[in-house]
Every structure is written in C-alpha cells, then in structure tokens.
Amino acid sequence: MQYNSPLLQSLQSNLRMQHLSRRTEEAYVYWTKRFIRFCGRRHPAELGAVEVRQFLSHLAVDRKLSAATQQQALSALLFLYRNVVGRPLEQMGKLPRGRVPTTLPVVLTRTEVEKVLSHLDGVARLVGLLLYGGGLRLAECVALRVKDLDLERGEILIRRGKGGKDRVTVLPDALRAPLREHMRRVRILHERDLAAGRGRVELPNGLAVKFPNAATSWHWQWVFPAARTYRDPASGHTRRHHLHESVVQRAMTAAVRASGIGKRASCHTLRHSFATHLLEAGYDIRTVQELLGHRDVSTTMIYTHVLNRGGRAVRSPVDALSLGGDAGSAG
C-alpha cells in the first residue's frame, strides 16, 4: 500500500529498510494515524513526550485498551520519532509503559483437538492440521509457498516468521498424502490461470525485478491460494493472493462452538497445544523452542506450567486420604 502523506511514506520506507514484517508496518502506520488524529492533526514534529503520554493515557483510561495494545502503540511512536522525526522520545522524558500481565495460554487436550478438527473440513481442516501438527502460526501457514514444503523429508520451511527469522518445523507423516492431493488441485488451478494470462503471485524483497519469470513459476505459488484474483494497481498484473486468515478463523470459531468443548479456543490455541503435547511426550524444551521459533527459551517455558499433569506434576495430599463414600458429600 502506498501513502500520499510524506510522513507516512517516510515511515513506510524506514520500516521496509529495516525489513520489518508487513503486519508490523500496518500496525505502526495505524497507530501513527491515530496519534495524529488525537492531537488535532498536528505534525508529530510539533509534538513530543507530553502529547505521547496524553495519547497513551487516553488509550488506557478512555478506550480501556489492554496493556499489550498500549505497548504496541508506544513501540510505533518510538519508531516514528527515532527514525522519521529524528528526535528519540526516550530523550524527552519518562514514558508510561503498561505492564503486560503474564497469562497462561489456553491448551486443548488431545481429545479436544480431535473434536475441534472433526468439525473442520476442506482447506480449513488441512490448515488446522498443520497448525497443530507443526506448531505454525496462522499467518505463517496461509503464506506457505510450494517450495516451502518438503514432503519427502517431512519438513516445513517457515520463511521470515515472527522476528524475521527462518526456521524448519515438522510436517506430519499423516498429512503427506492429503497435501499431495491438495497440491495437485492447486497446480490445476495455477495452470488454468496461466492459460488465461494470469498465474502471478506477489514476490518478496524485489525478486520480481531480479527474476521476472519467478512470479508465474510453480514453486513460488501459494500452497493455499485465494478463491479470487485481484488486479495489482502498481504493476497492472492480475494476481492471486493467498487464503485470507479470516476464512480459517471463522471456520475455527464455528468448529469450537460445534465441538462443545467449553474453552475459548482459537487457531493459535492449536499452536499452544502442539508445544504442550510435545513436552508431555518427553521432547526437550530446546527442541520445542526451535520448532516454535522462539527467540528465548523463557518464552517456551510457559508451556511447562500448563502440562496436563496437575500443578507442577504434584499429587494433591487429598488423594492420599482414605475418604469413605462420596468425598464431595456434605453428609
């Protein structure tokens, strides 16, 4: 997306020079716009730490946004002032930083995972199985390209995951045959697009200039293409994007409701369950950390608190008592 405002153009340019993700770019532009509107559409160069504190207070007190959301807004403004305005906010005085509470993730049992997945079908089911089977984030899964799947070795290559890092995770043996059949159908769709003069996909990091034919090559195609094509206004080419995350999210919400499991589960819950179930199976935490792509093992450690063994694998002293009759009876 291109912006008319010189400020937003400069912000976008700085974000891309630092190779931050498209999602981060969208979030930082969003918070910059909200900050400018809050301050009466004044240019950030005319503002400073006082206005930033007022804006963050507005988000916390008036809008009642979470600490994590407040932290994202602050990160966006820190980037804006450091890289675009040229006056780091840190030098203008102390800024409020909302304390993000540590919360335990929702984790499903294996039985609950089976119940939820049984209510998914088609592409949404295949995506759900990959989220649980390989610990992928939803954005990573829908953005997979044909070249990222190694069906022979049983590996999935995640390109530029969270934090801009590549990693390799496991491709379940049980999904090799379904994926081969899915890829066969995707290739037929791609060949039809080519025959109609389409068949292009967006390429990262200017590869379209370096390799002009790569956009139509099979190995760069999306594993989960969208049903519709779109016309890129910059190039004029008709392209096909990957499946939108919201399609899977809606299917997952309906599946959780239909399963009756009674937990507030989402697509990301399948990733949490993947990690927890691996630890339950005896895999070491460093292996799980690498599969998840966590920068620090302390992030992965949170799953040790939700292992399905009771509190820290402790056996309650009540279980050692001889309680005649119904232990819950009032007598």
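Two residues are in contact here when they have heavy atoms within 4.5 Å of each other. The model is predicted, so to speak plainly: local features need pLDDT of at least 70, side-chain atom pairs count only at pLDDT 80 or more, and totals for chains, interfaces and linings use all residues. Residues are numbered from 1 along each chain as its sequence is written, and side-chain values use heavy atoms, with hydrogens and water left out.

Let's start with a helix pair. Helices (H or I, at least four residues) and strands (E, at least two) are DSSP runs numbered from the N terminus. Helix H11 (residues 267–280) packs against H12 at an angle of about 160°, and their axes are 10 Å apart. The axes are lines fitted to C-alpha atoms over the stretch in contact, with angles from 0 to 180 degrees between N-to-C directions. That angle makes H11 roughly antiparallel to H12 (over 145 degrees). Here is who meets whom:

| Helix | Residues in the contact |
|---|---|
| H11 | Arg 271, Phe 274, Ala 275, Leu 278, Leu 279 |
| H12 | Ile 285, Val 288, Leu 291, Leu 292 |

H12 (residues 285–292) also holds Gln 289. Gln 289 counts as buried because its relative accessibility is 9% (buried means under 20%, with a 1.4 Å probe and protein chains only). Leaving aside residues up to four places away in sequence, Gln 289 touches His 294, Arg 295, Asp 296, Val 297 and Thr 300.

Now for the strands. Three of them form an open sheet in the order S1-S2-S3, with antiparallel pairing (strands pair if DSSP finds at least two bridges between them). S1 (149–150) and S3 (167–170) are the edge strands, each pairing on one side only. Strand S2 (residues 155–158) pairs with S3 over four bridges.

Notes
Buried < 20%, exposed > 50% of the residue type's maximum accessible area, 1.4 Å probe, protein only. Parallel < 35°, antiparallel > 145°, perpendicular 65-115°, else oblique.
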